[in-house]
Amino acid sequence: MTEKEQKRAAKEFAAFWENKGYEKGESQAFWLSLLRDVYGVPHPEQFISFEDQVKLDHTSFIDGYIESTHVMIEQKSLGKNLKAGIKQSDGSILSPFQQAKRYASELPYSKRPRWIVTCNFSEFLLYDMEKPNAEPEQIFLKDLPKEYYRLAFLVEKKNENIIKETEVSKAAGELVGKIYDAILKQYKNPDSPETLRSLNVLCVRLVFCLYAEDAGVLGKHDMFGSYLSGFQTSDVRRALIDLFKVLNTKPEDRDPYMDDDLAAFPYVNGGLFADESIEIPRFTDEIVNLLVDKASSGFDWSEISPTIFGAVFESTLNPETRRSGGMHYTSIENIHKVIDPLFLDELKDEFAQICELKVQKTRIERLERFTDKLASLIFLDGTITTSIQQNTGRSMVGQGLHFLIYIVFLGAKYVRNPPHPLTSLSLGFK
């Protein structure tokens, strides 16, 4: 189907379904026609399933599910408010999105949706489950002829957003690899386990600062890069040592006469910056250029996918992987099979419930407690201990780096627009 043909098909579809839409009698015809006529699926009845059973306290039914692209559909009749709560058979009040999320939580992990679509025939709300804190995208039926491409994820197994996130995340990993190589050259004993441990911890700290400044966690954009740019190359090493000490010091315990640019950085609890014994070599013009011009001002770290980048970053810091000449990452789907049931599902549900609170004062209080909870979380991967015992030089950032990186970025995303000034960020670095 050409672009011109698809636009025409979308226009005809929108015209036919204008002012139509009864949930029980027309939902299946609506979606079968959309998939067949607009997106060219030859046998849509084999592509999408309807009324799949899901066991809650009672048997419920999923309106629509596309297994190959991990899309769940919750359909409502024309005119229904897609964000309003609806009384369920068990007495609970849930929005269509919350209803679909409850269904999703009861599915096998391999079948949980990447996308949830709620629809009332005249409007689509698109929820990307990789971005739990984001508002849904909205598409109106009348605009489908010019915006049909925004529903392409229904049929595309790998959509443009995932492709972009993957490319950006891999580019970030390559950039960290260049920084890693440039700094490694400056160590007096580059092959020693102590050097590799120090370099790995240093890279984790640098990446945290780079992401945090773009995510707004440090207080303002380019804060880290601007700080480093104020020093001559010969002084950057001392500037980093001073910064790491400040990040590990509570505001009330800091030197009251320290420079304002240092005092502006928040306190980061959890131990990421606690170890003052790590070895930091002298920096060169090349390293400073990579950090300030390439990694800070020249790259937007907020666009990366933490699930992909965590694994790419581990490969970057793993000497064995680097010697074999490759960077590898685990797919988003496989990573979420592990982290979702461990902690992420519960956090997402709690945050969604807070956002649904109607009383502003109560909502703000709950959000404040939620950010404090995020700051207190500690995650321990047993394989970290194993890697330390094996004395391979990979230290704490070995197998468990996926969780550290994900929690750093998850916390940053949840508190990017906090209800009160962020005075500290806690990371469980154990």
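**Sheet and helix packing in the predicted model**

An open sheet of six strands is present, with the order S1-S2-S3-S6-S7-S8 and mixed pairing. The structure is a predicted model. Strand S1 (49–55) and strand S8 (137–140) form the edges, and each of these two pairs on one side only. From one strand to the next, the twist averages 30°.

Strands of a sheet pair through backbone hydrogen bonds, in either the parallel or the antiparallel sense. Strand S3 (residues 71–75) and strand S6 (residues 115–119) take the parallel sense. Five bridges join S3 and S6. Among the residues involved, Val71 has Trp115 in S6 as its bridge partner.

Helix H4 (residues 96–105) packs on this sheet. H4 touches S1, strand S2 (59–66), S3, S6 and strand S7 (123–128). The direction of H4 makes about 135° with that of S3.

A helix pair was also examined. Helix H7 (residues 193–215) packs against helix H11 (residues 285–296) at an angle of about 35°. The axes of H7 and H11 lie 11 Å apart. Their crossing is right-handed. On the H7 side, the contact involves Leu206, Leu210 and Glu213. On the H11 side, Leu291, Ala295 and Ser296 take part. By class, the residues of the contact between H7 and H11 comprise four nonpolar, one polar and one charged.

Key. Residues are numbered from 1 along each chain as its sequence is written. This is a predicted model: local features need pLDDT of at least 70, side-chain atom pairs count only at pLDDT 80 or more; totals for chains, interfaces and linings use all residues. Side-chain values use heavy atoms; hydrogens and water are left out. Axes are lines fitted to C-alpha atoms, for helices over the stretch in contact, and angles run from 0 to 180 degrees between N-to-C directions. Helices (H or I, at least four residues) and strands (E, at least two) are DSSP runs, numbered from the N terminus. A crossing is left-handed if the near helix is turned anticlockwise from the far one by less than a right angle, and right-handed if clockwise. Contact means heavy atoms within 4.5 Å. Ala, Val, Leu, Ile, Met, Phe, Trp, Tyr, Cys and Pro count as nonpolar, Asp, Glu, Lys and Arg as charged, and the others, Gly among them, as polar. Two strands pair if DSSP finds at least two bridges between them.
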